[in-house]
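Student: I am new to this structure. Can we go through it step by step?

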Amino acid sequence: MIDRLVARVLGLEIRLLACQARLSAHTDPEALHELRTTVRRLRSLLRPLRGLPGVEQLEAAASEVGDLTTPLRDREVLAAYLLENDQVQAAQRRMVQMAKAYPAVATSTEFKQLLLILDAFPRFLRAAQRQGLVKGLDKRIEKRLGKQWKKLDTALHDPAHDRHRLRLLIKRVRYGIDAYPELDRLPKAAMPRLKSAQGALGDWHDCVQWLAMAEQEADLQPCVAVWQATMAKAEQRADRVLEKLSKACFKS
């Protein structure tokens, strides 16, 4: 397991370095999204390892990069939507802001700190191995992945469930299994259902975010009525998809 962990950490480090180079050069529109996805994969890898040396510091550094890039990704997605829906001036204003933001992220203190700690992390894992701190690691990870699945089960069966929390729990389960595919014990129907549910909740979440932005940014007002209608439809779709997920993968 330690060999696999080290290999995965090194793979994620290489992806982050590539994202940094792409952001600096502003070579493509997917660099920020891939950075956030890679950081999320790293956090999913780390979550079941809590208690091992170096994990807390690396988790904190990854969280700071996530916090830094969340509003930027929201703005990026919004700009793409506005451009596709003929709100060209509003889109261009945000695209100009993003053009400055990309290199700023690449050279940010948060990103540099993450890379610094990540580079040292394999040595922490090897030291923990030598000290006998990783015995039974497979079972520990499997147990923690199981707890995430149970939390999702409980949330889905809560009549007053919070869509924001469900979206987060679904992401954690999906990325947890991606991080440790050899420990996947989920029903066969789980992954496609989880992906559909995350997509439906993502559409709803975009509308919630954009409507909140529209309260502060006047040039978004022409979109408010459409977003309100889209959000209502997305809520209904998300509820249907979540019900299918619950029936397919959990006992009622």
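Tutor: Start with a cut-off: a residue counts as buried under 20% relative accessible area, as exposed over 50%, and as partly exposed in between. Keep in mind that this is a predicted model.

Student: Is Arg4 buried, partly exposed or exposed?
Tutor: Buried means under 20% and exposed means over 50%. Arg4 has 34% relative accessibility, so Arg4 counts as partly exposed.

Student: Which residue forms a salt bridge with Arg4?
Tutor: The closest N and O atoms of the pair are 3.2 Å apart. The pair links distant parts of the chain, with Arg4 in helix H1 and its partner in the loop between helix H7 and helix H8. The partner of Arg4 is Glu182.

Student: Which residues are linked with Arg4 in a network of salt bridges?
Tutor: The structure holds 17 salt bridges. Some of these residues form a network with Arg4.

Student: Is Glu76 buried or exposed?
Tutor: Glu76 forms a salt bridge with Arg73, the closest N and O atoms being 2.6 Å apart. Both lie in helix H3, about one turn of the helix apart. The cut-off for buried is under 20%. Glu76 has a relative accessible area of 9%, so Glu76 is buried.

Student: How many residues apart in sequence are the parts tied together by Arg185 and Glu142?
Tutor: The side chains of Arg185 and Glu142 meet in a salt bridge, 2.9 Å from N to O. Arg185 lies in the loop between H7 and H8, and Glu142 lies in helix H6, so the parts they tie together are apart in sequence by 43 residues.

Student: Which helix gives the most to the positive patch?
Tutor: The positive surface patch is formed by Lys143, Lys147, Lys150, Lys151 and Arg165. Lys147, for one, has its place in helix H6. With 4 residues, the top contributor is helix H6.

Student: What accessible area do Leu83, Val88 and Met95 have together?
Tutor: These three form a nonpolar patch on the surface. Leu83 is found in helix H3. At 42% relative accessibility, Leu83 counts as partly exposed. Together the three have about 240 Å².

Student: What is the radius of gyration of the chain?
Tutor: The chain has 9 helices and 0 strands. Its C-alpha trace spans about 60 × 50 × 25 Å along the principal axes. A compact globule with 252 residues would have a radius of gyration near 18 Å, and the value for the chain agrees: 20 Å.

Key
Residues numbered from 1 in each chain as written. Predicted model: local features only at pLDDT ≥ 70, side-chain atom pairs only at ≥ 80, totals over all residues. Heavy atoms only, no water. Patch = residues over 30% accessible without salt bridge, like charges linked within 9 Å, V, L, I, M, F, W, Y side chains within 5 Å. Areas by Shrake-Rupley, 256 points an atom, 1.4 Å probe, with all protein chains shown as cover. Salt bridge = Lys/Arg side-chain N within 4 Å of Asp/Glu carboxyl O. Lys, Arg positive; Asp, Glu negative; His and termini not counted. Charge placed at Lys NZ, Arg CZ, Asp CG, Glu CD. Helix = DSSP H or I, 4+ residues; strand = E, 2+ residues; numbered from the N terminus. Rg over C-alpha atoms; globule rule 2.2 N^0.38 Å. Buried < 20%, exposed > 50% of the residue type's maximum accessible area, 1.4 Å probe, protein only.
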